[in-house]
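Subject: Structure handover

Hi,

Here is the structure for you to open alongside this note. My findings follow below it.

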Amino acid sequence: KQYGADTIRWYMLYASPVWTPLKFDEEGVKEIYSKYISTFKNAYSFFEMYANADNIDPREYNIPAEDRDLIDRWLLSKLNRLVRDVNAAYQEYDLNKVARLIVPFLNDDLSNWYIRSNRRRFWDSELTESKKSVYLTTYEVLVTLAKLTAPITPYISDEIYTKLTGEESVHLASFPDVVESLINEKVEEKMDLVRDI
């Protein structure tokens with residue numbers, strides 16, 4: 001009642017592999033709410049607020065990945081690496097690995113680096129190709145994350161997915177497939193170096 005089913009489900013899988021005993025820790029639940037549920041909601045809310053303010057629907061844009069800004073290509077590369085690794089972890093029934101792959105991507109790559117670094121692009125008064133690209137990339141990432149997380153946190157994933165897409169349910173959508181051509185190690189190395197500096 002206090003934290004919700006999604007938070008408890010993610011906490012139990014994040015805290016330890018499903019085949020080992022788990023000693024319940026309320027502080028761990030709070031940490032997961034902050035690292036996963038709250039961050040996912042905030043990333044969506046940020047996107048929704050500016051998309052509504054600008055009256056933008058990213059689904060109208062068709063901008064190839066190679067024509068987007070370097071940071072967009074970096075995030076798409078990270079996302080597709082995540083899709084590949086998460087799919088492999090699901091195939092192994094290792095849900096602890098799934099949870100531990102998604103949290104750093106959501107927190108570090110999407111929220112703390114990409115969204116914070118690109119605020120000026122969202123705020124741009126002109127509807128430039130760069131502004132379209134940042135909206136489209138964020139949209140694609142949020143939709144993919146909703147699909148990846150749906151088996152574990154069915155409620156928040158469905159809520160975010162249906163609001164983004166207008167479709168009936170994330171649980172009726174196809175699971176994401178990796179697009180190997182979007183994984184670019186050179187772009188990742190460059191951006192990771194910038195982050196380290």
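Start with Tyr-36. Leaving aside neighbours within four places in sequence, Tyr-36 is in contact (heavy atoms within 4.5 Å) with Trp-10, Val-103, Leu-106, Asn-107, Thr-149, Thr-153, Ile-156 and Ser-157.

Two notes on how to read this. The model is predicted, so local features need pLDDT of at least 70 and side-chain atom pairs count only at pLDDT 80 or more, while totals for chains, interfaces and linings use all residues. Residues are numbered from 1 along each chain as its sequence is written, and side-chain values use heavy atoms, with hydrogens and water left out.

The core
Tyr-36 also belongs to the largest nonpolar core, which has 59 residues. A nonpolar core here is a set of buried Ala, Val, Leu, Ile, Met, Phe, Trp, Tyr and Cys residues joined through side-chain atoms within 4.5 Å. Buried means under 20% relative accessible area, exposed means over 50%, and partly exposed is in between (1.4 Å probe, protein chains only). Trp-10, Tyr-36, Phe-40, Leu-110 and Leu-145 touch the most other members. At least two core residues come from each of helix 1 (5-15), helix 2 (26-53), helix 3 (70-91), helix 4 (95-117), helix 6 (129-149), helix 7 (154-165) and helix 8 (185-196). Helix 2 gives the largest share, 11 residues. In soluble globular proteins, nonpolar side chains tend to be buried together.

Phe-105
Phe-105 sits in helix 4. Its relative accessibility is 3%, so Phe-105 counts as buried. Not counting residues up to four places away in sequence, Phe-105 touches Leu-75, Lys-78, Leu-79, Leu-82, Leu-110, Val-141 and Leu-145. Ser-133 is 28 residues from Phe-105 along the chain, and their C-alpha atoms are separated by 20 Å.

The whole protein
The protein has 8 helices and 0 strands. Helices (H or I, at least four residues) and strands (E, at least two) are DSSP runs, numbered from the N terminus. Of the 197 residues, 48% count as buried. A compact globule with 197 residues would have a radius of gyration near 16 Å, and the protein agrees, at 17 Å. That radius is taken over C-alpha atoms, and the globule rule is 2.2 Å times the number of residues to the power 0.38. The C-alpha atoms fill a box of roughly 55 × 35 × 35 Å, taken along the principal axes. Among contacts between residues at least 6 apart in sequence, 74% join residues at least 24 apart.

Charges
There are 25 positive and 33 negative side chains. Lys and Arg count as positive, Asp and Glu as negative; His and the chain ends are not counted. The centres of the two sets lie 4 Å apart, placing each charge at NZ of Lys, CZ of Arg, CG of Asp or CD of Glu.

Asn-55 has a positive phi of about 55° although it is not a glycine. At 71% relative accessibility, Asn-55 counts as exposed.

Tyr-93 is in the loop between helix 3 and helix 4. Tyr-93 has a positive phi of about 60°, and it is not a glycine. Tyr-93 counts as exposed, at 66% relative accessibility.

Lys-190 is in helix 8 and is exposed, with a relative accessible area of 53%. The C-alpha atoms of Lys-190 and Pro-17 are separated by 34 Å.

Best wishes
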